[in-house]
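Dear colleague,

Please find below the structure that I am handing over to you.

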Amino acid sequence: MPRLTPPPVDRAAAARAAVAARRGRATVKNAVASRSRSALDVAETAWAGEPTSPEGSLRVRELLTSIPGIGPTRVARIMTELGIAESKRVGGLGVRQRRILGDWLAAREAKGRLRSRLVVLAGPTAVGKGTVSTYIRENYPDVHLSVSATTRAPRPGEVDGVHYYFVDDAEFDRMIRDRELLEYATVHNSYRYGTPRPPLDAALTEGRSVLLEIDLQGARLVRAAMPEAVLVFLLPPTWDELVRRLVGRGTEDASEQQRRLETAKVELAAQDEFDARVVNHDVAEAAREVVELMTAPEPGRTRA
Ligand code: 5GP
């Protein structure tokens, strides 16, 4: 007769094995969530190996929930559409369900690859575009953040080649002449800013996502040059908060602050031209939303 209750030593081993299995599944889910592994790769690994592997023992529901941009409600709908029961594990699917899930994941990935990976982040002055893009640079190394050229002087802490390429007027003119800029504009009626094209083209050719953090005029010029670009407007939680941020930054004098507030008013009025809007309540959250727009097949555009 098989023993129903394992002896204590086996129970301890079983508990350790269960913890290890949970950790293994968590690692797989994190890899999918951070895009370092595709859900299709996880499923294929599950089907090529043992059902007890981390990939095989992962529930289909958990796998789908880990995919960036898919919430629990959509997961439930997708599983109903695919005819896969709530409790199913990836490794426990039958031949037919494996094919259905595999085809669905492959189609989703193909659609994602076809989507533009060029995202333009614009928004009123002092809304926190710079902070959000810095957060993306530091936390999403796969995203290529375009470094603009500018004729303004560096602020304390700004590094040439990282935050901007700080160039003089003659060099900026040369870049325009040699068609090295995808777009350029005079911002706040003072300095010139432009997006160098060669690094951007190279990153797109490599299949990397590219983020441009530029002003409204620049965003419009990019839309004209590259209609497939996704334009994202970063909003402040409130107008008062925007004023507080601009004044609080203390990097501009009173007349410059006034000029930037005027620009901000005009810029806020343009938000409806954008494909998506992200409210900057919290930098990490706003950054995550922007990155999701780069790869999610359905960006949930809010074109008004
Ligand atoms: P800041 O001087 O505060 O760094 O930037 C001023 C403004 O210039 C910001 O609104 C920023 O988005 C915009 N900007 C930065 N780089 C570019 C660029 O390459 N092209 C355009 N059109 N605007 C830019």
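The notes below set out what was found in the model.

This is a predicted model, in which local features need pLDDT of at least 70 and side-chain atom pairs count only at pLDDT 80 or more, while totals for chains, interfaces and linings use all residues. Residues are numbered from 1 along each chain as its sequence is written, and side-chain values use heavy atoms, with hydrogens and water left out.

Confidence

The pLDDT is the predictor's confidence in each residue, from 0 to 100. Its average over the chain is 88, and 92% of the residues score at least 70. Helices (H or I, at least four residues) and strands (E, at least two) are DSSP runs, numbered from the N terminus. The pLDDT is below 50 over residues 298-304, a stretch that has 15 contacts in the model beyond near neighbours in sequence; contact means heavy atoms within 4.5 Å. Where pLDDT is low, the predicted coordinates should not be read in detail.

The nonpolar cores

A nonpolar core is a set of buried Ala, Val, Leu, Ile, Met, Phe, Trp, Tyr and Cys residues joined through side-chain atoms within 4.5 Å. Buried means under 20% relative accessible area, exposed over 50%, and partly exposed in between (1.4 Å probe, protein chains only). The largest such core has 24 residues, and Val132, Ile136, Leu211, Val232 and Val290 have the most contacts inside it. Elements that each supply at least two of its residues include β1 (118-122), α7 (129-139) and β8 (230-235). The most comes from α13, with six residues. Apart from this core lies another, of 23 residues, among them Leu63, Val75, Ile78 and Met79.

In α7, the residues Lys129, Val132, Ser133 and Ile136 are buried. Seen down the axis of α7, its buried residues fall within an arc of 95° (taken from the directions from the helix axis to the C-beta atoms), so they line one face of the helix.

Around strand β7

Two strands pair if DSSP finds at least two bridges between them. Strand β7 (residues 210-213) pairs with β1 in the parallel sense over four bridges, and with strand β2 (residues 144-145), also in the parallel sense, over two bridges. Valine 210 is the bridge partner of leucine 118, and leucine 211 that of leucine 145. Beyond four places in sequence, the contacts of leucine 211 include Val119, Ile136, Ser146 and Met294. Serine 146 lies in the loop between β2 and β3 and counts as buried, at 14% relative accessibility.

Aromatic pairs

Rings of Phe, Tyr and Trp (its six-membered ring) pair if their centres lie within 6.5 Å; planes under 30 degrees apart count as stacked, over 60 as edge-to-face and the rest as tilted. The count comes to four aromatic pairs. Phenylalanine 172 and tyrosine 184 form an edge-to-face pair, 6.2 Å centre to centre with 80° between the planes. Phenylalanine 172 is buried, with a relative accessible area of 0%, whereas tyrosine 184 is partly exposed, at 38%. Tyr164, Phe166 and Tyr193 form one aromatic cluster.

Positive phi values

Alanine 126, in the loop between β1 and α7, has a phi near 65° and is buried, at 13%. Arginine 179, in the loop between α8 and β5, has a phi near 55° but is exposed, at 74%.

Yours sincerely
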